[in-house]
Each structure stands twice: as C-alpha cells, then as structure tokens.
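Please keep the sequence and the structure in view while reading.

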Amino acid sequence: MMKAICVFNQKGGVGKTTTVVNLSAALGLKKKKVLVVDLDPQGNSSSGFGIDKNTLEHNVYDLFINDTLPISELIYKTESKNVDIIPSNTALSGVEVELINIADRESILKKALRDCKDYDYIIMDCPPSLGILSINALTASDSVLIPIQSEYYALEGVSQLVETINLVKKSLNKKLEVEGVLISMFDGRNNLSLEVVEEVKKYFKNKVFKTIIPRNVRLAEAPSYGESIFDYDEKSKGAIAYEKLAKEIIKNNK
Ligand SMILES: Nc1ncnc2c1ncn2[C@@H]1O[C@H](COP(=O)(O)OP(=O)(O)OP(=O)(O)O)[C@@H](O)[C@H]1O
Ligand SMILES: [Mg+2]
C-alpha cells in the first residue's frame, strides 16, 4: 500500500525540508521505496539530495503546466538508497499565477501521482505558504506531517494551519489525516524548549510524535554537501532521531 505524506507548515524555517530529506533517506534505508516531491520553488530538498536542479531537463513545473509528459520523465534517482525525486526549481514560482484560470487546479498533483503506485511512501515538501502548491500537496496526500520548531512563537499561526487542513478535508480530500506533529530543533538545555513541548502536546494531544528532533549542527551542515544525514554523519544525534522517526511512522502505518 502506498502512503502519501505531505510535510506542511506555512511558517518558514521550521524544519520541513530537513524532515523531508532525512525522513525519506531513513525510510529508504529501511528498504521502503520512496518518492520525494519537491513543491517548493526554493528547491531545497532537491539540492539537499545533491540534485543539480537547474541543469535537469524536467522538474515538477512540467507536472503542473505540461500535462502531456508522462510522470516517469520527471522522476530522477538520488544517491540515497531507494529514494527517487521529482525536483523543483524557481520556474515553479510562476505556477501560482499561471493556474489561476485552470479548472480543478487543486487536484493536478493528485491526478499525476495516480501513476506512482509502486512506491511505499511519497513524501512532499511544501513551500512556506498557503498557496496553490500547498493545497495541491494536501489534496494529493493521505496525511500531513506538521513540523513545529521548539521556540517561543511555536504555536503562532497554528490555528490558521489547522483551519487550512480542515478546509481541504471538507472540500477537496475527505480522507486527509494528521500523520503527526513533529517537534523540531529541540534544545534540552533550554527550559523554554521544554515548555514549548508541553504547550504543543496540550494543543495536539496524542497527535504529537514520540520522536523529537534535537537541534544538531550536523543536520544543518549536511545539505551543503548534497547529502542526507545518513551519508554525512550517520552517528550524529540528528541521524539517530530521524531513524527513530522513520521507525515510528512505519509502526503507525502497519
Ligand atoms: N534539527 C535541526 N538542527 C539544526 N538545524 C536545523 C535543524 N532542522 C533544520 N535546521 C536548519 O534550520 C534551517 C531551516 O530548516 P528547513 O530548511 O528544514 O526549514 P523549512 O521549514 O523547510 O524552511 P522553508 O519554510 O524556508 O522551506 C535550515 O538552515 C536547516 O539546516
Ligand atoms: Mg523548506
């Protein structure tokens, strides 16, 4: 059974891309076949996998604009075991406007991914916005994984996030569930971090993953080498945490 998960939070810099890259790599190492879909014009998950996004013939932009191209033409292999990717680049930033007059523009990705049933997991990286790209991701997904940074304003914007998910659920994708809320960049030496964890648990109850991602400089360094944390430093705290998250997700989906 294929499971499509989008990693979504309209707030910037909360750990979406870091989670997409390293969770996907961890699932791949556990022999799951994974397709990453980069839906962010910044293309950070593409470069995080070492993809030279500006020299490729095709990318996710074609999926939205050029619907005669088979999706297999948009899929590239990564250096991570069992992980493929549909990359993105800045061309995607025009999509928001180009789709304004297109019917069913919220369901383009969902339709395209119908031909990708051979994967165990499809993991989507959303841009930090509530626009048409995020809506496409939410519409095409079985569930949404919400990273929340453990910092003072952690819950700021969360009600809008939940409202967006509920709206999509009502109109475009009735089966959409919350896969889990992931606390990221946790600093155990900081009392505030502990308070934020309590606050997030109070708000999201049993939806919060048991796994917490620590702040770990190795996670921040790995993307500049185009490597997942497992290729860059498999013994780091960050690698251990993302391996644990993959295990938790596989267990929850048994
Ligand atoms: N656990 C962590 N420890 C240390 N640094 C981290 C951690 N997670 C993410 N970072 C760093 O924090 C920054 C933001 O992370 P990331 O790019 O994953 O967030 P994002 O939500 O995808 O951002 P955007 O909204 O811009 O797409 C990056 O520089 C990343 O390397
Ligand atoms: Mg990102």
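## The pocket

A pocket, as the word is used here, is an open set of points on a 1 Å grid over the protein atoms alone, with protein on both sides within 12 Å along at least five of seven lines. In this predicted model, the space taken by ligand 1 is the largest pocket.

## The shell around the ligand

Ligand 1 is surrounded by 18 residues, and the closest of these are Lys16, Thr17, Thr18, Pro214 and Asn216. Sorted by class, the shell holds 7 nonpolar, 7 polar and 4 charged residues. Two helices, H1 (16–29) and H9 (217–221), each supply at least two residues of this shell, and H1 gives the most, with 3 residues.

## Polar contacts and burial

Which side chain places a polar atom 2.8 Å from an oxygen atom of ligand 1? That side chain belongs to lysine 16, while a polar side-chain atom of glutamine 42 lies 3.3 Å from an oxygen atom of the ligand. Glycine 15 takes part through its backbone, a polar atom of which is 3.0 Å from an oxygen atom of ligand 1. Taken alone, ligand 1 exposes 630 Å², and the protein buries 80% of that area.

## The sheet

Turning to the strands, 7 of them form an open sheet with mixed pairing, in the order S3-S4-S2-S5-S1-S6-S7. Its edge strands are S3 (76–77) and S7 (177–184), each of which pairs on one side only.

Within this sheet, strand S1 (residues 3–7) and strand S5 (residues 121–125) run parallel and are joined by 5 bridges. Lysine 3 stands opposite tyrosine 121 in S5.

Methods:
Residues are numbered from 1 along each chain as its sequence is written. Chains are lettered from A and ligands numbered from 1 in the order in which they are written. This is a predicted model: local features need pLDDT of at least 70, side-chain atom pairs count only at pLDDT 80 or more; totals for chains, interfaces and linings use all residues. Side-chain values use heavy atoms; hydrogens and water are left out. A residue is near a molecule or strand if one of its heavy atoms lies within 4 Å of it. A polar contact is a pair of N or O atoms within 3.5 Å; within protein, one must be able to donate a hydrogen and the other to accept it, and residues adjacent in sequence count only if both atoms are side-chain atoms. Accessible areas come from the Shrake-Rupley method with a 1.4 Å probe; for residues, only the protein chains shown count as cover. On a 1 Å grid over the protein atoms alone, a cavity is a set of points where a 1.4 Å probe fits but cannot get out, and a pocket is an open set with protein on both sides within 12 Å along at least five of seven lines; lining residues have an atom within 4 Å of a point. A molecule sits in a cavity or pocket if more than half of its atoms lie within 2 Å of its grid points. Helices (H or I, at least four residues) and strands (E, at least two) are DSSP runs, numbered from the N terminus. Ala, Val, Leu, Ile, Met, Phe, Trp, Tyr, Cys and Pro count as nonpolar, Asp, Glu, Lys and Arg as charged, and the others, Gly among them, as polar. Two strands pair if DSSP finds at least two bridges between them.
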